[in-house]
Amino acid sequence: MVNAFVANFKKNFIEMRRYFFDTVSSFIILFIIFYLIFFGYMVASGPNFGDTIDGIIVSYFMWIMFLASFQGVSDWISQEAERGTLEQLFMSPVRFEFQMIFHVISDFCINVLMIVPLMYLAAFTTGRTLNFDLFTLLYLIILGSISAVGVGLILGGMALIFKKISSFIQICTFAFLAILMFEVDALWFELLPMVKATGMMRSMAVTGTKFYQFPIQDHVILWITAALFLLVGIAIFRGFEKRAMVKGTLGQY
């Protein structure tokens, strides 16, 4: 079990190193998209733009974390199916669910190490100072990403059946970008994946609010959203998994 966990970390780092040009290109594209959004908001907002810069920075990079979390599962399953190794993973002594969890954890750690410095760099280049408490930052990113992983499990289950769902994922990607960029004062909106975590992170970035200074109801909504989407994601993924086994399509692409 430990060997499988370590192997996932090694595999991710090896792929990043071997496909170095693609890795660097992806970070450049992230910055280009950020500045397109940044200058677009600057033109639209006019002189009051300074009040929204911190929110844009936080919302965008929380969207990147969400994107990495929910795409990670489906992309991994699609890649393994394309390579012809998906069925072998199901036949491994280590259960497929554990291998998937190990992959998600290794992806998350790498994303945090890469994206958090990029967020500070984006703030620096736009002349802002983000008031981040490290513990609060990790707390919000972890719980927010758990809800995103739940969405990823649903998409991963769909990938087991439909094999290639990249077009549908792109629709979800830009839909959630719009959701995380806006603030709606409604409970149903806060229960959407990663929305509450993003709102709390905005407060932390703008006013320096720490973990223990948030109202208890904010923590309750954050935990309920994370648990709800994770449990729903697991249930739906297992339903798709059983369907794929019955149809005998795990080894097909």
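This is a predicted model: local features need pLDDT of at least 70, side-chain atom pairs count only at pLDDT 80 or more; totals for chains, interfaces and linings use all residues.
**Overall fold and salt bridges**

Residues are numbered from 1 along each chain as its sequence is written, and side-chain values use heavy atoms, with hydrogens and water left out.

As for secondary structure, there are 10 helices and 0 strands (DSSP runs, H or I of at least four residues for helices and E of at least two for strands, numbered from the N terminus). Some 49% of the 253 residues count as buried (under 20% relative accessible area with a 1.4 Å probe, protein chains only; exposed is over 50%, partly exposed in between).

The whole structure holds 3 salt bridges (a side-chain nitrogen of Lys or Arg within 4 Å of a carboxyl oxygen of Asp or Glu). One of them pairs E15 with K11 at 3.3 Å between the closest N and O atoms; the two sit 4 residues apart in helix α1 (residues 2-18), about one helical turn. E15 is partly exposed at 22%, as is K11 at 29%.

E190, K196 and D218 form a salt-bridge network. K196 meets E190 at 3.2 Å and D218 at 2.8 Å, N to O. K196 belongs to helix α9 (residues 195-207) and D218 to helix α10 (residues 216-247), so this pair ties together parts 22 residues apart in sequence. Both E190 and K196 are buried, and so is D218.
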